[in-house]
Amino acid sequence: MPKITQTQRDARRQQILDAALRCFSRDGFHTTTTAGIVRESGVSQGTLYLYFATKDDIVVALADDRHQGEAFLNALAQREQDPIRGLLSLIELHGKGLTDPGRVDARRVGVQGWGEALRNPRIRSTVVEGVTIVREAIVRLIERGQRTGQIRPEVDPDAVARTLIATFQGLVLQFAWGEPIDLAACGRVIRGMIHDSLLTPVGRASSQP
């Protein structure tokens with residue numbers, strides 16, 4: 001029997017995860033079964049168990065993959081020499097994912113994951129880890145802006161990060177509901193909040209295009 005290459009293994013794993021995402025989005029975590037994921041993916045039950053021992057393993061893998069994508073966006077923002085531009089870039093990069101039609105299922109499953117985190121400690125740990133990664137990225141940008149005099153020194157970086165994340169999560173939920181949202185208008189409001197509440201005159205100048 002020919003050996004399966006790593007590329008083939010990765011593709012099969014992704015095939016299972018993509019099928020699981022569709023199932024979770026359509027039917028929810030509790031209604032979805034591993035048998036349903038097998039049918040959706042077209043792999044055998046035995047093949048699925050080669051990659052994931054339980055349904056929770058699949059949920060955690062989906063979250064981990066999303067965190068890797070978010071870490072890439074965070075890294076792009078951190079590379080900006082100007083921390084204000086880095087902060088605005090981070091908001092814009094994450095915001096673009098809200099309108100991506102290819103991420104509809106991911107948004108729906110993400111919202112379901114927040115609810116599941118209230119009862120499942122393992123999923124809660126994964127969800128909190130993902131939020132923490134983004135929160136820490138924002139905190140670093142805020143602290144850099146304070147050191148350069150662009151952000152008011154009395155601002156609490158952690159409070160800013162949590163408030164921005166809460167705003168984003170609220171938009172995710174509304175998009176998952178199918179609400180017609182003018183994301184550009186929301187972006188202008190967020191930019192205005194940052195401009196008026198956080199920045200010193202130096203920071204306001206640096207935030208201009």
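The chain contains 10 helices and 0 strands, where helices (H or I, at least four residues) and strands (E, at least two) are DSSP runs numbered from the N terminus. This is a predicted model, in which local features need pLDDT of at least 70 and side-chain atom pairs count only at pLDDT 80 or more, while totals for chains, interfaces and linings use all residues. Residues are numbered from 1 along each chain as its sequence is written, and side-chain values use heavy atoms, with hydrogens and water left out.

Along the sequence the pattern reads α-α-α-α-α-α-α-α-α-α, and the C-alpha trace spans about 65 × 40 × 30 Å along its principal axes. Of the 209 residues, 40% count as buried, a class that means under 20% relative accessible area, with exposed set at over 50% and partly exposed in between (1.4 Å probe, protein chains only).

**Pockets**

Rolling a probe the size of a water molecule over the atoms shows where empty space is left. On a 1 Å grid over the protein atoms alone, a pocket is an open set of points where a 1.4 Å probe fits, with protein on both sides within 12 Å along at least five of seven lines, and its lining residues have an atom within 4 Å of a point. Grid points are joined across faces, edges and corners, and a volume is the space filled by probe spheres set on the points. In the table, Ala, Val, Leu, Ile, Met, Phe, Trp, Tyr, Cys and Pro count as nonpolar, Asp, Glu, Lys and Arg as charged, and the others, Gly among them, as polar.

| Pocket | Volume | Lining residues by class |
|---|---|---|
| Largest pocket | about 1100 Å³ | 23 nonpolar, 10 polar, 9 charged |
| Second largest pocket | about 290 Å³ | 11 nonpolar, 4 polar, 4 charged |

The largest pocket has about 1100 Å³ of space, and of the 42 residues that line this pocket, His94, Gly95, Leu98, Phe168 and Val172 are the closest to its centre. At least two lining residues each come from helix H4 (55-78), helix H5 (83-96), helix H6 (104-116), helix H7 (121-147), helix H8 (157-177) and H9.

Around the second largest pocket there are 19 lining residues, of which Leu21, Leu62, Ala63, Arg66 and Ala106 lie nearest its centre. Two or more residues of this lining are given by each of helix H1 (6-27), H4, H6 and H7, and H4 gives the most, with 6 residues.

**Local features**

Helix H9 (residues 183-197) has 15 residues and should span 21 Å at 1.5 Å a residue, which agrees with the 21 Å between its end C-alpha atoms; the expected span is 1.5 Å times one less than the number of residues.

A search of the whole structure finds 1 aromatic pair. The pair is formed by Phe24 and Phe29 and is edge-to-face, 4.9 Å centre to centre with 80° between the planes. Rings of Phe, Tyr and Trp (its six-membered ring) pair if their centres lie within 6.5 Å, and planes under 30 degrees apart count as stacked, over 60 as edge-to-face and the rest as tilted. Phe24 counts as buried because its relative accessibility is 0%, and Phe29 counts as buried at 7%.

Gln150 is placed in the loop between H7 and H8 and is buried, with a relative accessible area of 7%. Its side chain makes a polar contact with the side chain of Thr148 (2.5 Å).

Definitions and conventions. Polar contact = N/O pair within 3.5 Å; in protein donor to acceptor, adjacent residues only side chain to side chain.
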